[in-house]
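Colleague: I am new to this structure. Please take one part and look at it closely, then lead me on from there to the rest.

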Amino acid sequence: MASATQPAAISGALFAAAPLHTKPRSVTFRITASKSSNPPIVGRKLRAAVIGAGPAGSSAAEALAAGGAECFLFERAPSEAKPCGGAIPICMLDEFDIPARLIDRHVTRMRIFSPSNLAVDFGKTLRPDEFIAMLRREVLDSFLRDRAQSRGASLISGLVTRLEIPASPHAPYVIHYTKDNARHALAVDVVVGADGANSRVAKSIKAGSYACAIAFQERIKLTDDKMAYYQDLAEMYVGNDVSPDFYAWVFPKCDHVAVGTGTVCSKQDIKVFQRAIRARASAKISGGKVIKVEAHPIPEHPRPTRVRGRVALIGDAAGYVTKCSGEGIYFAAKSGRMCGEAIIKASEGGERMINEEDLKREYLKKWDAKYITTFRFLDLLQKVFYGSDAAREALVELCGDEYVQRMTFESYLYKKLADGNRWDDAKMVLNTVGSLMRCNVLGRKMEALKI
């Protein structure tokens, strides 16, 4: 490959074919022809670069390679894991063919603690075959990355340092990266940014800034008797002591627990909040050994721009983490797959060039139609329930209602609006208002939200 110091020599040499892996027949991606007026690509297939090999990037790379594009998947440090609670909904196991062997724990009980340490068990409405899957990100990420490679994506273990934007509509984008202490460059037709909240790809296309939370987590190895307590139990804690605008957690893994918290408005105090969650859970985790400390930025809302030119953002780079719950793994993988399939459809299986309008029509418009309302609704819930300890007490009180639990779990586990009962829905609204009134926060929050 040409060096990054030789930009003028890239066009021919960098489009040389790269070796591809054998494709298994386990997953089928349907290619639907588009009515494209874009020019055909002669003598090769559409060349795509996916920057970042987490759930978003690997899912995009799998769809791209399986659909017929030539795909390069960049990952700076494949062995590193992002700090993450590691909870995924049951629908993701089937939708993304996640094998059972990757799951550390089948959580069927979620215990929520209010600021006053009132505890409510959340999960009474789960059926025997329903659970929240807990896994380690390093295990999931490795599996999805390997699968993308098996479908034909070429993994490049290197640090992307710069994205060179083309001067003309059909000229290539150039990925500048370092690998084994040497500089390289690669020309591609389309770029998918899956490089996290601090996305270099997003900065390159001037995608706009957004608020980020910081998540801080310690992995703590417990004795067998203490781990037995967390056999099928995960814990959430709310209160100003553990986070002024989010929640803290104790989530079980294979042989340890992940204990962490997050915040947007008081990042400088994150270690204070971490000490607080350890104090509140001390009776259950005391004597444990910290085996790993992790911190990572988490986006708080979708970016102002997620598509520009032939560049698309997905996952954390696009801002696809829900407020209130902080869920991101499913939406990362889903956005990656939708983006990859959109590129394949617009390029007619990698045979034609694509443009910005193709990406907006086939990816962004469909994503927003499917999920943007969910993101806005959870944003509203966070404003209502996470603004004060009084509101958090009301939240935990509501979580004790079995109808609230059923509607919440069905929506979370299957990523679709649960079918409710109008009378029960009306009672739920009244109970919510009643809880907030008892906590003396309704008037203040309604004024703040200008409802």
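Predicted model: local features only at pLDDT ≥ 70, side-chain atom pairs only at ≥ 80, totals over all residues.

Modeller: Let us start with Glu164. Glu164 sits in strand 9, residues 159-164. Residues are numbered from 1 along each chain as its sequence is written, and side-chain values use heavy atoms, with hydrogens and water left out.

Glu164 is partly exposed because its relative accessibility is 24%. The cut-offs are under 20% relative accessible area for buried, over 50% for exposed, and partly exposed in between, with a 1.4 Å probe and protein chains only. The side chain of Glu164 makes a polar contact of 2.8 Å with the side chain of His176. Such a contact is a pair of N or O atoms within 3.5 Å; within protein, one must be able to donate a hydrogen and the other to accept it, and residues adjacent in sequence count only if both atoms are side-chain atoms. Ala185 is 21 residues from Glu164 in sequence; their C-alpha atoms are 9.7 Å apart.

Now turn to Lys284. Lys284 belongs to helix 8, residues 282-285. With 17% relative accessibility, Lys284 counts as buried. The side chain of Lys284 has a polar contact of 3.0 Å with that of Glu235. Another, of 2.8 Å, joins the side chains of Lys284 and Tyr237. Neighbours within four places in sequence aside, Lys284 is in contact (heavy atoms within 4.5 Å) with residues including Phe113, Leu222 and Tyr230.

Next, the rings. The whole structure holds 15 aromatic pairs. In the pair of Trp367 and Tyr371, the ring centres are 4.6 Å apart and the planes meet at 50 degrees, so the pair is tilted. Rings of Phe, Tyr and Trp (its six-membered ring) pair if their centres lie within 6.5 Å; planes under 30 degrees apart are stacked, over 60 edge-to-face, and the rest tilted. Trp367 and Tyr371 both lie in helix 11, residues 356-385, four residues apart, about one turn of the helix. Trp367 is buried at 1% relative accessible area. Tyr371 is buried too, at 4%. One aromatic cluster is formed by Phe96, Tyr320, Tyr330, Phe331, Trp367, Tyr371 and Phe375.

Tyr330 also has a charge over its ring: the charged end of Lys415 sits 5.6 Å from the ring centre. This needs NZ of Lys or CZ of Arg within 6 Å of the ring centre and within 35 degrees of the ring normal. Arg303 lies over the face of Tyr210, at 4.0 Å from the ring centre.

Six strands form an open sheet in the order 8-2-1-12-19-18, with mixed pairing. Its edges are strand 8 (154-156) and strand 18 (307-308), each pairing on one side only. Two strands pair if DSSP finds at least two bridges between them. Strand 1 (residues 47-51) and strand 12 (residues 190-193) run parallel, joined by four bridges. Ile51 stands opposite Gly193 in strand 12.

Last, the whole. The protein has 15 helices and 19 strands. It has 451 residues, of which 56% count as buried. Among contacts between residues at least 6 apart in sequence, 74% join residues at least 24 apart.

Key
Helix = DSSP H or I, 4+ residues; strand = E, 2+ residues; numbered from the N terminus.
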